[in-house]
Amino acid sequence: MTNKFPYFLVGTVLLMSCLNCSNDSADTTDDSETIDDSAVVNVDPSYFYTADGSVTITTVPCTLSDGTQTDCYQIVTSSLATDHEMGPWCPDNIADGEEAGGIWLEGGEVYDVDGAFVENLATFYDDTNWLMYDANGDIYVTDTEEDCENAANPNVGAEYENFCVECLPSYITDLSQTWVIPVRPVIQTSPTLFTTAGGGPPGAGNTAPSTRGVALNGIEFSAPAPVDNILGAYTLAPFDDAGGHINVHQGYHYHAATGFGTQIVQDDGHAALIGYALDGFGIYALEDANGDSPSDLDELRGHTDDTRGYHYHVDAAGNNNFINGLKGAYVN
């Protein structure tokens, strides 16, 4: 099976000189790294892709999780990416090549969802119940909004077993998402750790967000996709090459960073800025201009430098993860 990574950059690239998952369970822990407040860098709203009006940003008063009253950026998005193509997700026939489908994340690897991948699901998962195509090799794909919604339900009915779930941008006609992040991050003594499980209800008393952050095109960096639930129903809900897919309640959202969308290229060769976490700290790509990954990340996947202050680097795309927690306070 062919891995599909890295990907080409699509969207606005700027030079820099000097962000249906319910709330997620969370915990806090002491972090051995002490970050001086002087190393905090404000969110820069000019980096967001707002040229076509799909993303709007205003400044609003807000109260953070630690009680801090401050100013925040309110980011409203149309719930669809407008700086790169979305899809495709499911191939139509087992003879189709990689251009006809998206990707799947498994065991730290990124796989093309081409016809051969679908044809060999029984072998891939060592389970003969996988048979997602008919005698002509045509793949069973959801083809209506109702089917998309029903097949994406955690309690999917048996009638949707062995379907490739494909929800289309045309189903999202009047849906917006609003993200609120502090203008200036407020460091916490004890950071908030996310669970690494996909989706699911919050534990008692937990208020930490499930969303990890927002991309510079306004699209959500989501919690890990609930892969076990998807596979347990013998369905496949592929991501497109940008690491995103759609549900009708959440719109388009990412589960992996694969190099698509608006990025702020750093003129010192550091990995590009791709979004902001919900605490206002920057989220950067995994690899720098030389293809190297940082080796000094803390448990949250963050570290500090003189130019960017404290910031995060995304996890490898195949890990169905972005960052592991929040160093700063966030809006409840």
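Q: What makes the link between Cys-148 and Cys-167 a disulfide?
A: A disulfide is a pair of cysteine sulfur atoms within 2.5 Å. In this predicted model, where local features need pLDDT of at least 70, side-chain atom pairs count only at pLDDT 80 or more, and totals for chains, interfaces and linings use all residues, the S to S distance of Cys-148 and Cys-167 is 1.9 Å. The pair therefore meets the definition. Residues are numbered from 1 along each chain as its sequence is written, and side-chain values use heavy atoms, with hydrogens and water left out.

Q: Is the link of Cys-148 and Cys-167 right-handed or left-handed?
A: The link is right-handed, with 105° about the S-S bond.

Q: Which parts of the chain does the pair Cys-148 and Cys-167 tie together?
A: Cys-148 lies in helix α3 (residues 145–151), while Cys-167 lies in the loop between β7 and β8 (177–182), so the bond ties together parts that are 19 residues apart in sequence. Helices (H or I, at least four residues) and strands (E, at least two) are DSSP runs, numbered from the N terminus. Both Cys-148 and Cys-167 are buried; the term means under 20% relative accessible area, with exposed over 50% and partly exposed in between (1.4 Å probe, protein chains only).

Q: How many disulfides does the structure hold, and what pattern do they follow?
A: The structure holds three disulfides. With bonded cysteines counted along the chain, their pattern is 1-2, 3-5, 4-6.

Q: How do you know that Cys-62 and Cys-72 are joined, and what is the handedness of their link?
A: Their S to S distance is 1.9 Å, and the link is right-handed, with 75° about the S-S bond. Cys-62 belongs to strand β3 (residues 55–63) and Cys-72 to strand β4 (residues 69–77), so the pair connects parts that are ten residues apart in sequence.

Q: Why is Cys-62 called buried?
A: Cys-62 has a relative accessibility of 10%, and therefore counts as buried.

Q: What makes Cys-90 and Cys-164 a disulfide, and where do they lie?
A: Their sulfur atoms are 2.0 Å apart. Cys-90 is in the loop between β4 and β5 (103–106) and Cys-164 in strand β7 (residues 163–164), so that distant parts of the chain, 74 residues apart, are linked. The link is left-handed, with -90° about the S-S bond. Cys-90, at 4%, is buried, and Cys-164, at 0%, is buried too.

Q: What makes strands β11 and β14 a pair?
A: Two strands pair if DSSP finds at least two bridges between them. Two bridges join strand β11 (residues 220–221) to strand β14 (residues 251–254), and these strands run parallel. In β14, the bridge partner of Glu-220 is His-253.

Q: In which sense do β13 and β14 pair?
A: Strand β13 (residues 244–247) and β14 pair in the antiparallel sense over four bridges. Asn-247 has Gly-251 as its bridge partner in β14, and the two strands form a hairpin with three residues between them.

Q: How many residues has the largest nonpolar core?
A: A nonpolar core is a set of buried Ala, Val, Leu, Ile, Met, Phe, Trp, Tyr and Cys residues joined through side-chain atoms within 4.5 Å. The largest has 84 residues, and those with the most contacts inside it are Trp-104, Tyr-252, Tyr-254 and Tyr-312. Strand β16 (residues 273–277) gives the most to this core, with four residues. A second, separate core of five residues includes Val-60, Cys-62, Cys-72 and Ala-329.
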